[in-house]
Amino acid sequence: MILETERLQLRRLSVDDAEFILRLLNEPSFIQNIGDRGVRTVDDARGYIVKGPITSYEKFGFGLWMVETRSPIAQIGICGLLKRDVLDDVDIGYALLPEFWSQGYALESASAVISYATEKLGLKRVLAVTNSDNQSSIHLLEKMGFKYERMVRLSADSAEIKLFVTEI
C-alpha cells in the first residue's frame, strides 16, 4: 500500500492486475485522451505493467499505482507519477474507468499523489499533460491549482498537448 484516503487506497501494480489494465487501456476514453498503448491481450497487459510501472518503481521509487475503493475493494483506475525523458520534471497521470467518473475519485486520488510527491519525495514542482480538448482533465488540474504553461510534444510524431505545472 502506498497511499490511503478517506475512500481510496493506492498500491503498486503487479502482473496480477493484467486483466484490469487490459480493460482500462482499451476503453475508448483512454485511447482518445491518453493514447493507444497497443495492449490487446492479457500478456500484452502484463508486459505493459512490467515495462512501465514496475520498471518505474525500481528506477525512480514511484510510478502509476492501482486506485481501489476501500470498502468494498474495487479496482477503479490508475494514478501516480511519471518521469518522462522529454519533460524536465515529474508529471502526474491518472485514468479511471468511466463508471467511476464524476464521483470525486480522480480529484481524491490525484490530490493524494500530489501530497505524496511533496511530503515523501520532496518535489517542489509537478507537471501534468493533457489533450487540448480533454475539458474534464483540464478542469481537474485547474481545481488542483495547476496552471497552463505551454504546448508540448511528447515525441516528434505526436500531436501537441497542453502542459500544466504546479509549484508547491
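**View 1. Buried residues of helix 1.** In helix 1, the buried residues are Ala 18, Phe 20, Ile 21, Leu 22, Leu 24 and Leu 25; buried means under 20% relative accessible area, exposed over 50%, and partly exposed in between, with a 1.4 Å probe and protein chains only. Six of the eight residues of helix 1 are thus listed as buried, and the helix is mostly covered. The cover includes helix 2 (28-33), helix 3, strand 3, strand 4 and strand 5. Helices (H or I, at least four residues) and strands (E, at least two) are DSSP runs, numbered from the N terminus.

The model is predicted: local features need pLDDT of at least 70, side-chain atom pairs count only at pLDDT 80 or more, and totals for chains, interfaces and linings use all residues. Residues are numbered from 1 along each chain as its sequence is written, and side-chain values use heavy atoms, with hydrogens and water left out.

**View 2. Crossing of helix 1 and helix 3.** The two helix axes come within 8 Å and cross at roughly 95 degrees. That makes helix 1 roughly perpendicular to helix 3; angles under 35 degrees count as roughly parallel, over 145 as roughly antiparallel, 65 to 115 as roughly perpendicular and the rest as oblique. Axes are lines fitted to C-alpha atoms, for helices over the stretch in contact, and angles run from 0 to 180 degrees between N-to-C directions. Ala 18, Glu 19, Ile 21, Leu 22 and Leu 25 of helix 1 meet Val 42, Ala 45, Arg 46, Tyr 48 and Ile 49 of helix 3, where contact means heavy atoms within 4.5 Å. By class, this contact has eight nonpolar, no polar and two charged residues; Ala, Val, Leu, Ile, Met, Phe, Trp, Tyr, Cys and Pro count as nonpolar, Asp, Glu, Lys and Arg as charged, and the others, Gly among them, as polar.

View 3. Eight strands run in the order 1-2-3-4-5-6-8-7, with mixed pairing; two strands pair if DSSP finds at least two bridges between them. Strand 1 (3-4) and strand 7 (147-152) are at the edges with a single partner strand each, so one side of each has no neighbour in the sheet. Strand 5 (residues 91-96) pairs with strand 6 (residues 125-130) in the parallel sense over two bridges.

**View 4. Two loops.** The peptide bond from Ser 71 to Pro 72 is cis, with omega near -5 degrees, and Pro 72 is in the loop between strand 3 and strand 4. Ser 102, in the loop between strand 5 and helix 4 (105-119), has a positive phi of about 60 degrees although it is not a glycine.
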